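This report covers selected local features of one protein model. The sequence and structure come first, followed by the notes.

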Amino acid sequence: MLTEVYRHVLLLIWIFPIIWANSSGSRRKDAHHEKYTDWKQLWHPNYEDYSRAEASLGLDNNTVTNVTVQMGATAYLHCRVRHTPDRTLGGGDQVSWVRRRDWHIISSGVFTYTNDQRFQILHAEGSDDWTLQIKYVQKRDNGTYECQISSGQSLISHYVNLDIVVPEATIQGSASGEHHVDVGSIIDLICIIDNSPTPPQYVFWYHNDKMINYDNARGGITVETALGPPRAHSRLTIQNTKQADSGNYTCSASNTEPASIHVFISKGDNVDAILMRKSCAICVASQLFIILFPLFLTSLR
């Protein structure tokens, strides 16, 4: 008899946690359904979509979008508000854009409240998209923008993090600002344009103030350019160099500041001597550091 009682007790102990877990899960799901109120339907067409969004964002009443735009281009910050049969936005006066950096109200509905003509609201009648357009974006436009939807007694916020990237042009091997080659050898310069989501329209090479991409008079000059994002590169090759080829060489792309390097054309012995002087200067500097640093430490004691 006692064995039978113990068996039932153990069975209850084993089953009760399962029943409790299932009921708790059901209660949690019901609670989430209660949280899925009318204003969330503006963003998510059903509870499953809302659950996935909430799980990925960890937010109750807002969503976040990241937008990357190249400096000088046009930024489009989208704010989509889903219309339901029993819920529409009247006249657009319930949608506003706010710049979080200084809490400046940029717009309400389709009307903008800024003297900066680069800002404009794009919205077609009946559309669910209220887009903030910013033309010719600058570094100062970087930051977070908030689209606020006033819905009865609640306020829905959609945040857009705008990241402005600035393309950078560099000529490989130009850290010292100089490039030394022998007379009769080849000038080989490579210009790299980084952080360029939108490829530059062109890359021009200049020798001093003269553009040489299409220099047929000199001859022996070739330019090879690849404009694919996010990195573009252009290679300048000059065959059979002469003293007249010495000077400043500049790589100038349409979407970035130019990069320059000074090329020196010398006879072979002169180039070797220049390079030797540079290496010796580095050696002397290293030796002086090794000698003086212990003395400096001693003086601090």
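Serine 157 lies in strand β9 (residues 154-165); helices (H or I, at least four residues) and strands (E, at least two) are DSSP runs, numbered from the N terminus. The model is predicted: local features need pLDDT of at least 70 and side-chain atom pairs count only at pLDDT 80 or more, while totals for chains, interfaces and linings use all residues. Residues are numbered from 1 along each chain as its sequence is written, and side-chain values use heavy atoms, with hydrogens and water left out.

The side chains of serine 157 and glutamate 146 are joined by a polar contact of 2.5 Å (a pair of N or O atoms within 3.5 Å; within protein, one must be able to donate a hydrogen and the other to accept it, and residues adjacent in sequence count only if both atoms are side-chain atoms).

Relative accessibility is classed as buried under 20%, exposed over 50% and partly exposed in between (1.4 Å probe, protein chains only).

| Residue | Relative accessibility | Class |
|---|---|---|
| Serine 157 | 7% | buried |
| Tyrosine 202 | 33% | partly exposed |
| Phenylalanine 204 | 23% | partly exposed |

Rings of Phe, Tyr and Trp (its six-membered ring) pair if their centres lie within 6.5 Å; planes under 30 degrees apart count as stacked, over 60 as edge-to-face and the rest as tilted. The count is one aromatic pair. Tyrosine 202 and phenylalanine 204 form this stacked pair, at 4.5 Å centre to centre with 20° between the planes.

An open, antiparallel sheet has three strands in the order β2-β7-β6; two strands pair if DSSP finds at least two bridges between them. Three bridges join β2 to β7 (residues 131-134), and tyrosine 76 stands opposite glutamine 133 in β7.
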